[in-house]
Amino acid sequence: MFVVTLRFSANKAQAPALMPAHNDWIRDGFDDGVFLMTGSLKPGLGGVVLAHGVTRAELEARLGKDPFVVEDVVSADILEIAPGRADARLAFLMG
């Protein structure tokens, strides 16, 4: 599984114009079963994505289609996690 941080760059001012396309990209991630959660980094630092069921290469390719990444509104940092213990509600991550 992966945690991706999307931190705003100096081009943050472009975010509002790209938000509809970015939201479509997020929707596709959920529709494809890759994204488990998305949210904002507080206070206004960017966003975070929790992804599962893909390889790092597949995730990098997906991130390369995010309009925020393409237009350098955010920089993406991928952290790979090997779950060792989880609450029963997250047991599917242990497989």
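A nonpolar core is a set of buried Ala, Val, Leu, Ile, Met, Phe, Trp, Tyr and Cys residues joined through side-chain atoms within 4.5 Å. Buried means under 20% relative accessible area, exposed over 50%, and partly exposed in between (1.4 Å probe, protein chains only). This is a predicted model: local features need pLDDT of at least 70, side-chain atom pairs count only at pLDDT 80 or more, and totals for chains, interfaces and linings use all residues. Residues are numbered from 1 along each chain as its sequence is written, and side-chain values use heavy atoms, leaving out hydrogens and water.

**View 1. The nonpolar core.** The largest nonpolar core has 18 residues. Val4, Ala51, Leu59 and Leu63 touch the most other members. Strand 1, helix 1, strand 3, helix 2 and strand 4 each give two or more residues to this core. Helices (H or I, at least four residues) and strands (E, at least two) are DSSP runs, numbered from the N terminus. Helix 1 supplies the largest share, four residues.

**View 2. Around alanine 51.** Contact means heavy atoms within 4.5 Å. Leaving aside residues up to four places away in sequence, alanine 51 touches Met1, Phe2, Val34, Phe35 and Leu59.

View 3. Four strands form an open sheet in the order 2-3-1-4, with antiparallel pairing. Two strands pair if DSSP finds at least two bridges between them. Strand 2 (35-41) and strand 4 (74-80) are the edge strands, and each pairs on one side only. From one strand to the next, the twist averages 15°. Angles run from 0 to 180 degrees between N-to-C directions, with axes fitted as lines to C-alpha atoms, for helices over the stretch in contact.

View 4. Six bridges join strand 2 to strand 3 (residues 46-51). Helix 1 (residues 15-31) packs on the sheet and touches strand 1 (2-8) and strand 2. The direction of helix 1 makes about 155° with that of strand 2. Helix 2 (residues 56-63) also packs on the sheet, touching strand 1, strand 2, strand 3 and strand 4. Its direction makes about 165° with that of strand 4.

**View 5. Arginine 7 and its partners.** Six bridges join strand 1 to strand 3, and seven join strand 1 to strand 4. Arginine 7 has glycine 46 as its bridge partner in strand 3. In strand 4, arginine 7 stands opposite serine 75.

**View 6. A buried arginine.** Arginine 62 lies in helix 2. Arginine 62 counts as buried because its relative accessibility is 18%. Its side chain makes a polar contact of 3.1 Å with that of aspartate 32. A polar contact is a pair of N or O atoms within 3.5 Å; within protein, one must be able to donate a hydrogen and the other to accept it, and residues adjacent in sequence count only if both atoms are side-chain atoms.
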